Amino acid sequence: MKDDLLEEENIESEKIRVESKPEKCPVCGFSPVAAILYGDIGYSPQLSQQMEKREVVLGGCSIYPDKPRWQCSKCGTKFYKRSKYNNV
């Protein structure tokens, strides 16, 4: 039980929290940073184009609070939206 709590704290401390979508990845310098889309996303030609341009990535069907909002299209670093409820 105690180990589980320590692991959760370490995961939380490793999250990169930002005020808004970064223009480029601070880890590898790649641009653009993609928005992550969650839920049951319907296919469209526009979505396909955005994915080809690396403007969006699909994040899966599960939707819950504090999921990452953006992801580097090159190195995969995920970015979380900073909120007034985050202590970081």
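**Note on the predicted model: confidence, sheet and local backbone**

1. Helices (H or I, at least four residues) and strands (E, at least two) are DSSP runs, numbered from the N terminus. A contact means heavy atoms within 4.5 Å. Where pLDDT is low, the predicted coordinates should not be read in detail. The chain as a whole averages a pLDDT of 84, and 80% of the residues score at least 70.

2. On conventions: this is a predicted model, in which local features need pLDDT of at least 70 and side-chain atom pairs count only at pLDDT 80 or more, while totals for chains, interfaces and linings use all residues. Residues are numbered from 1 along each chain as its sequence is written, and side-chain values use heavy atoms, with hydrogens and water left out.

3. The open sheet has 5 strands in the order E1-E5-E4-E2-E3, with mixed pairing. Strands E1 (16-18) and E3 (56-58) stand at the edges, each with a single partner strand, so one side of each is left without a neighbour in the sheet. Neighbouring strands are turned by 40° against each other on average, direction ignored. For such angles, axes are lines fitted to C-alpha atoms (for helices over the stretch in contact), and angles run from 0 to 180 degrees between N-to-C directions. Two strands pair if DSSP finds at least two bridges between them.

4. Strand E5 (residues 78-81) runs parallel to E1, joined by 3 bridges. With E4 (residues 70-72), E5 pairs in the antiparallel sense over 2 bridges. Phe 79 of E5 is the bridge partner of Ile 16 and also of Trp 70. E4 and E5 form a hairpin with 5 residues between them; in the turn, Gly 76 has a positive phi of about 85°.

5. Which residues does Tyr 38 touch, not counting residues up to four places away in sequence? They are Gly 59, Gly 60, Ser 62, Ile 63, Lys 67 and Pro 68. Tyr 38 sits in the loop between strand E2 (33-37) and helix H2 (45-52). A polar atom of the Tyr 38 side chain lies 2.8 Å from the backbone oxygen of Pro 68. Between Tyr 38 and Val 57 the C-alpha to C-alpha distance is 9.0 Å, at a separation of 19 residues in sequence.

6. The peptide bond from Ser 31 to Pro 32 is cis, with omega near 10°. Pro 32 is placed in the loop between E1 and E2.

7. Positive phi values also occur in residues other than glycine. Arg 54, in the loop between H2 and E3, has phi near 65° and is partly exposed, with a relative accessible area of 38%. Asp 66, in the loop between E3 and E4, has a positive phi of about 65° and is partly exposed at 32%. Partly exposed lies between buried (under 20% relative accessible area) and exposed (over 50%), with a 1.4 Å probe and protein chains only.

Notes
A polar contact is a pair of N or O atoms within 3.5 Å; within protein, one must be able to donate a hydrogen and the other to accept it, and residues adjacent in sequence count only if both atoms are side-chain atoms. pLDDT is the predictor's confidence in each residue, from 0 to 100.
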